[in-house]
Amino acid sequence: MKAAVIYQNGDLDCVTVDDIPAPKPAPDEVVLEVKAAALNHLDIWVRRGRPGHELSFPHPLGSDATGVVAEVGRDVHTVKPGDEVVVNPGLSCDTCEFCRRGDQSECLHFGIIGLSSPGTFAERAAVPAVNVQPKPAYLTIEEAAALPLAHLTAWRMLMSRARFVPGESVLIHGIGGGVALAALQLAKLGHGEVIVTSSSEDKLDRARELGADYTINYITDPAVGQAVRDLTKGRGVDIVIDTTGAETWDINFASIRRGGRIVHCGVTTGAEASVNIGALYWNHINVMGSTMGSEEDFRQLLAAASEAELRPVIDSVLPLDQARQAMGRMEEGEQFGKIVLVTDAEAPLSSLTAAEEENPLRL
Ligand SMILES: [Zn+2]
């Protein structure tokens with residue numbers, strides 16, 4: 001089968017599309033005929049190499065996917081060949097204390113498809129049967145592939161960790177990335193008041209079209225914390241959703257209200273920061289980390305998204321053969337929304353047109 005693989009860790013030119021053996025399902029797995037698979041920043045981290053994650057080469061990249069069940073393992077009774085499904089990329093042991101209490105993304109042995117196991121940028125992919133859910137019928141295959149990782153991550157950050165209450169104010173950095181856009185969509189579903197930041201006027205314009213209430217260009221208006229205070233009449237926002245890391249750490253403390261919640265899920269701008277502990281406790285500030293989401297988070301996300309017919313924002317759709325170009329676009333930060341690879345090169349044009357017509361979202 002065709003797959004976008006790496007034979008070693010390294011730069012973008014490590015990514016190559018090659019023929020590799022198709023996987024067979026383990027007893028508790030299904031093998032998907034992958035239709036579409038979305039890119040995530042995780043793919044860049046995996047390509048470069050992650051301490052503690054030894055890959056078996058050739059390693060297909062990719063965590064998100066939608067497809068049709070082609071084969072099932074002998075112990076699988078929940079899905080059958082022919083079912084259209086989406087994949088929850090989180091891998092958990094199902095037996096540890098945290099899995100048993102339903103917090104699978106806090107599993108002692110937590111992993112992610114594409115990082116801890118062969119990925120989905122391939123014509124076929126083997127995943128645990130517990131990780132597949134029916135594809136929401138209202139989504140195109142590209143949209144369905146774009147939904148899981150980014151929206152699941154945003155759902156857990158906003159709903160399960162920050163415990164967002166309808167109408168609250170939310171600051172979201174770096175609008176254009178998948179998780180940031182998903183957080184904007186989910187906050188607007190709950191009638192939140194959303195402030196977004198970017199260095200790109202074009203991205204800020206598009207965020208306004210998606211419902212962002214206020215935008216801050218951090219190049220022309222570098223005092224972001226003060227700008228947030230001004231927009232909130234000195235109060236500060238209830239919640240900060242930070243997918244970026246160290247560069248926005250101080251801005252978050254300057255922007256948050258007393259008792260507010262700051263949730264982090266990424267370190268693309270750095271992993272080290274220092275904090276004024278006095279300001280932290282005196283202002284009752286909650287700083288939280290979050291990764292992916294639980295099975296219950298995924299169920300809630302799919303239910304809420306389906307009810308609202310929420311559509312992920314698609315930046316571009318490329319054939320699997322152009323996996324390297326797709327990763328290059330993401331690495332340059334050029335994208336607004338998800339970049340999606342499709343295995344059927346004939347499919348993208350018609351589907352892309354449909355996606356463009358049906359985005360903007362009904363919020
Ligand atoms: Zn576990």
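**A walk through the predicted model**

Helix 5 has these buried residues: Gly178, Val179, Ala180, Leu181, Ala182, Ala183, Leu184, Gln185, Leu186, Ala187, Lys188 and Leu189. Helix 5 is mostly covered, with 12 of its 12 residues buried. The helix runs over residues 178–189 and reaches 17 Å from its first C-alpha to its last, close to the 16 Å expected at 1.5 Å a residue. Just after helix 5 comes His191, which takes a positive phi of about 55°.

Helix 7, residues 224–231, gives another view of burial. Its buried residues are Val224, Ala227, Val228 and Leu231. These residues cover an arc of only 100° around the axis, so they sit on the same side of helix 7. The general rule behind such a pattern is that an α-helix has 3.6 residues a turn, so residues three or four places apart point the same way. What do the buried residues of helix 7 pack against? Their partners are strand 11, strand 12 (193–198), strand 13 (214–217), strand 14 (237–242) and helix 8 (249–255). Just after helix 7, Lys233 has a positive phi of about 55°.

Three strands form an open sheet in the order 2-1-4, and the pairing is antiparallel. Strand 2 (15–19) and strand 4 (59–60) stand at the edges; each has a single partner strand, so one side of each is left without a neighbour in the sheet. In general, the strands of a sheet pair through backbone hydrogen bonds, either parallel or antiparallel.

Strand 1 covers residues 2–6, and 2 bridges join it to strand 4 in an antiparallel pairing. Strand 1 is also joined to strand 2, by 5 bridges, and these two strands run antiparallel as well. Ile6 can be followed in both directions. Its bridge partner in strand 4 is His59, and its bridge partner in strand 2 is Val15. Strand 1 is mostly covered, with 4 of its 5 residues buried.

Some details of the backbone come next. Most residues other than glycine have a negative phi, and most peptide bonds are trans. A cis peptide bond joins Phe57 and Pro58, with omega at about 0°. Pro58 lies in the loop between helix 1 (41–48) and strand 4.

Arg163 is not a glycine, yet it has a positive phi of about 50°. Where is Arg163 placed? Arg163 is in the loop between helix 4 (148–161) and strand 11 (169–172). Is Arg163 buried or exposed? Arg163 counts as exposed because it has 11 C-beta neighbours inside 10 Å, and a residue is called exposed if that count is 12 or fewer.

Glu309 is another residue other than glycine with a positive phi, here near 50°. Glu309 is found in the loop between helix 10 (295–308) and strand 17 (314–319). Glu309 is exposed because 12 other C-beta atoms lie within 10 Å.

Gly259 lies in strand 15, which spans residues 256–264. Gly259 counts as exposed because it has 11 C-beta neighbours inside 10 Å. How far apart are Gly259 and Trp282 in sequence and in space? They are 23 residues apart in sequence and 9.4 Å apart in space, C-alpha to C-alpha.

The domain assignment of the protein gives domain 1 as 2–147 + 312–358 and domain 2 as 151–289. The centres of domain 1 and domain 2, taken over C-alpha atoms, are separated by 28 Å. How many residues of each domain are in contact with the other? The answer is 11 residues of domain 1 and 11 residues of domain 2. By class, the side of domain 1 that touches domain 2 has 4 nonpolar, 6 polar and 1 charged residues.

Conventions
Residues are numbered from 1 along each chain as its sequence is written. This is a predicted model: local features need pLDDT of at least 70, side-chain atom pairs count only at pLDDT 80 or more; totals for chains, interfaces and linings use all residues. Two strands pair if DSSP finds at least two bridges between them. A residue is buried if 20 or more other C-beta atoms lie within 10 Å of its own, exposed if 12 or fewer, and partly exposed in between; C-beta atoms are placed from the backbone. The arc is that of the directions from the helix axis to the C-beta atoms. Two residues are in contact if their C-beta atoms, placed from the backbone, lie within 7 Å. Domain bounds come from an automatic or database domain assignment. Ala, Val, Leu, Ile, Met, Phe, Trp, Tyr, Cys and Pro count as nonpolar, Asp, Glu, Lys and Arg as charged, and the others, Gly among them, as polar. The expected span of a helix is 1.5 Å times one less than its number of residues.
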